[in-house]
2 protein chains.
Amino acid sequence: MLESKKKQRRGEVTRDKILKTALRLFSEKGYDKVTVDEIVKKTGTSKGSFYQHFSAKSDIFLVRFTEVDNYYLEVFHSFPEDMDPFEKLFIFTQKLMRFLEEEMGKDLMKVIYSSSLNSKEHTYFLNSNRSLFQIIFTLLEEAKDQGSIGTDQCVEVISTMVTQSLMGIIYHWGIHDSDQSLESLSIPLMKTILVGLKMKNKKQD
Amino acid sequence: MLESKKKQRRGEVTRDKILKTALRLFSEKGYDKVTVDEIVKKTGTSKGSFYQHFSAKSDIFLVRFTEVDNYYLEVFHSFPEDMDPFEKLFIFTQKLMRFLEEEMGKDLMKVIYSSSLNSKEHTYFLNSNRSLFQIIFTLLEEAKDQGSIGTDQCVEVISTMVTQSLMGIIYHWGIHDSDQSLESLSIPLMKTILVGLKMKNKKQD
DNA sequence: CTATCAACTAGACTACAGTCTGTTTTTAAT
DNA sequence: ATTAAAAACAGACTGTAGTCTAGTTGATAG
């Protein structure tokens, strides 16, 4: 009954404490105004503990970022059966963008995008991208089955295109200081691609 | 006559020596296997000199990266007058991708993309992007004048879409280990967008 | 109950980018 | 030529992420 907390290993408690404290500090002062030393001091632990549970400072954000996976699936399963797959895909990407900006935040996204370029590991990010890719793939396959895709390229290639676009939109947003929302910044490109996918190779006449 | 070298300021000589040595070391051992201390030691200078001429270690790559600007313009001016603007744009992006992979290299591109996310300065990159944007803008304006764009969105927005896509393609390539060339990885998305731009809002019939 | 071993913790230590301060060299003005 | 200001330079110093090693705790097996 109360076991859930009692049985929690000593290490898990420490890990949670570090995670929560770090995230709070990051959101209060910004990621690069917070040092690992400050985190462990405020947590009453030590560097040794920190790196026992996390592989790097950025790992804190990475762990938080894995929550998107759940959100992906939640949105994916919320669509009515009979909805047009292209519409599903469009709505999916819009909700994703909104979620990333509002729940994750730009600071986090920049750290994720930056650290993924550096480390050879960045397992979380690639995994998240795999599950994102999987959902996009499923939706596009559905579209293909219905014959609404106007190109004979395989779904894998098309899914990659969509992934590339999403990354580009996010990256572009990350390096610019626009007051527009990520969601609104993503609309033109996403719409254009979807049009392009429907039309491709079907010369208009 | 020989003045060009003689009159070169002492500082310029040092700067050049550091730049060349650093680039050589980066290409020999990889960017993050080279330390600034090693660079200045091999150059026979000092940290003070290094940071007199460069604002950061990554600045070395940033300086090299500015060469793309010349290449942009060179390609841009090489197109025959009467070529279809969409074709120009497509060829332009393909040549750009090939250039970035072959002349700049993945190591450099990753550093550029990563450091642009961190610093608040990254002037070079944003400048290069501005001149890239300018060329894309010009080509798309040409297309719009010819009435070959099937949407009434302003050219600014459309240019942003293309920029987002290019960044996404490059970023995606940066974090994955594919044996395909950047150029070939970029073809599907670029083609789809161009189709989408031609078609958008023109319901087929 | 004790021994063993793995998970965990502490904090000193290392590596390295970037800063700071003081010195030397160059340039420019008088 | 003298001198003042600016540019260039040297290298010691600082800040911080991440490592290493030695010690502690707690679970499990005998």
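1. The model is predicted: local features need pLDDT of at least 70, side-chain atom pairs count only at pLDDT 80 or more, and totals for chains, interfaces and linings use all residues. Residues are numbered from 1 along each chain as its sequence is written, chains are lettered from A and ligands numbered from 1 in the order written, and side-chain values use heavy atoms, with hydrogens and water left out.

2. Chain A comprises domain 1 (3-54) and domain 2 (61-199), with bounds from an automatic or database domain assignment. Their centres, taken over C-alpha atoms, lie 30 Å apart. Seven residues of domain 1 and five residues of domain 2 form the contact (heavy atoms within 4.5 Å).

3. The two domains of chain A bury about 500 Å² between them, 76% of it on carbon and sulfur atoms; buried area is the accessible area (1.4 Å probe) lost by two parts on being put together, summed over both. On the domain 1 side, A:L23, A:F26 and A:Y31 lose the most area, together 70% of what that side buries.

4. Of the 19 residues around DNA strand D (a heavy atom within 4 Å), A:K47, A:K57, B:T14, B:S46 and B:H53 come nearest.

5. A side-chain N or O atom of A:K47 is 2.8 Å from a base oxygen of DNA strand D.

Conventions: Polar contact = N/O pair within 3.5 Å; in protein donor to acceptor, adjacent residues only side chain to side chain.
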